[in-house]
Amino acid sequence: MKSGVPKGENCLVDMDSKAGDLFSAEPADAAGSGGVVGNLPTWLSALPHRLWLPKGLSASVAKEWFDRRRATIRPWAGFVDHRKFTKPRNFGELCQRVVRNFDTYNSNYTFIFLGLILYCIISSPMLLIALAVFVGAFYIIHLKSLESKLVVFGKEVTGPHQLGLAGAVSFPVFWLAGAGAAVFWVLGATMFVIGSHAAFRELEGGSEMEELFMEPV
């Protein structure tokens with residue numbers, strides 16, 4: 001006698017169809033018929049696609065952005081060469097240096113900013129705990145929403161709201177960890193480091209380039 005309960009792969013397909021409306025990303029078809037991408041099992045390779053991400057944002061987009069930034073980095077040896085740092089002759093030259101250096105070393109400054117964020121997180125155990133609480137809360141909410149529709153105050157909790165609910169749960173921990181002070185520290189350190197470099201670093205091309213930009217039109 002045939003049973004109406006789906007079994008095996010049919011059950012997995014049924015679960016995917018029910019959970020499909022909870023995610024902005026479509027199921028990962030890149031696994032292929034073999035069920036393995038490279039050396040990774042199907043469930044692991046499909047994980048980034050199963051987790052909710054804001055519309056237009058995906059792992060491939062983030063990787064493309066990161067690779068593009070890394071490809072345009074100026075050599076760090078020249079970036080920190082102390083022989084290239086001089087005091088601006090006047091306010092006009094200072095402004096010219098800041099504008100031009102921000103354009104020239106944009107990718108370097110981006111990675112400095114990311115490095116300061118990483119340092120702030122690693123050096124603050126409470127902040128690490130707060131992030132762990134946020135990720136754990138989001139993961140639990142995510143699993144509950146897969147089992148059945150998650151309803152709070154009469155409204156279904158969808159992908160964007162799951163992040164908000166996880167943030168509300170972890171907010172007290174972030175407050176105890178001093179997340180606000182960490183944000184201001186990162187912004188202040190970034191402005192000081194990047195601003196100082198952009199103001200005192202000579203333009204690419206040396207003094208001839210600076211004199212060219214300083215000539216009246």
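Which residues does UniProt list for "transmembrane region", and which aromatic rings link into a cluster?

Analyst: UniProt, in an unreviewed entry, lists residues 111-141 and 173-194 for "transmembrane region". UniProt positions follow the numbering used here, feature names are shortened, and annotations may be inferred rather than shown by experiment. This is a predicted model: local features need pLDDT of at least 70, side-chain atom pairs count only at pLDDT 80 or more, and totals for chains, interfaces and linings use all residues. Residues are numbered from 1 along each chain as its sequence is written, and side-chain values use heavy atoms, with hydrogens and water left out.

Start with the two spans. Residues 111-141 are 94% helix and 0% strand, and their end C-alpha atoms lie 33 Å apart. Residues 173-194 are 91% helix and 0% strand, with end C-alpha atoms 31 Å apart. The protein chain has 11 helices and 4 strands. Both are DSSP runs numbered from the N terminus: helices are H or I with at least four residues, strands are E with at least two.

Now the rings. The structure holds 7 aromatic pairs. One of them joins Trp76 and Phe79 edge-to-face, at 5.2 Å centre to centre and 80° between the planes. Rings of Phe, Tyr and Trp (its six-membered ring) pair if their centres lie within 6.5 Å; planes under 30 degrees apart count as stacked, over 60 as edge-to-face and the rest as tilted. Trp76 and Phe79 are about one helical turn apart, because they sit 3 residues apart in helix H5 (residues 76-79). Trp76 is partly exposed, at 38% relative accessible area. Phe79 is buried, at 5%. Buried means under 20% relative accessible area, exposed over 50%, and partly exposed in between (1.4 Å probe, protein chains only).

Tyr105 and Tyr109 form a tilted pair, 6.3 Å centre to centre with 55° between the planes. Both tyrosines, Tyr105 and Tyr109, are buried. Ring pairs link Trp76, Phe79, Phe102, Tyr105 and Tyr109 into a cluster.

Next comes Asn108. Asn108 lies in helix H7 (residues 106-122). Asn108 is buried, with a relative accessible area of 0%. Leaving aside neighbours within four places in sequence, Asn108 is in contact (heavy atoms within 4.5 Å) with Ile73, Arg74, Trp76 and Phe79. Trp76 and Phe79 also belong to the ring cluster. The Asn108 side chain reaches the backbone nitrogen of Arg74 at 3.0 Å.

Note on methods:
Polar contact = N/O pair within 3.5 Å; in protein donor to acceptor, adjacent residues only side chain to side chain.
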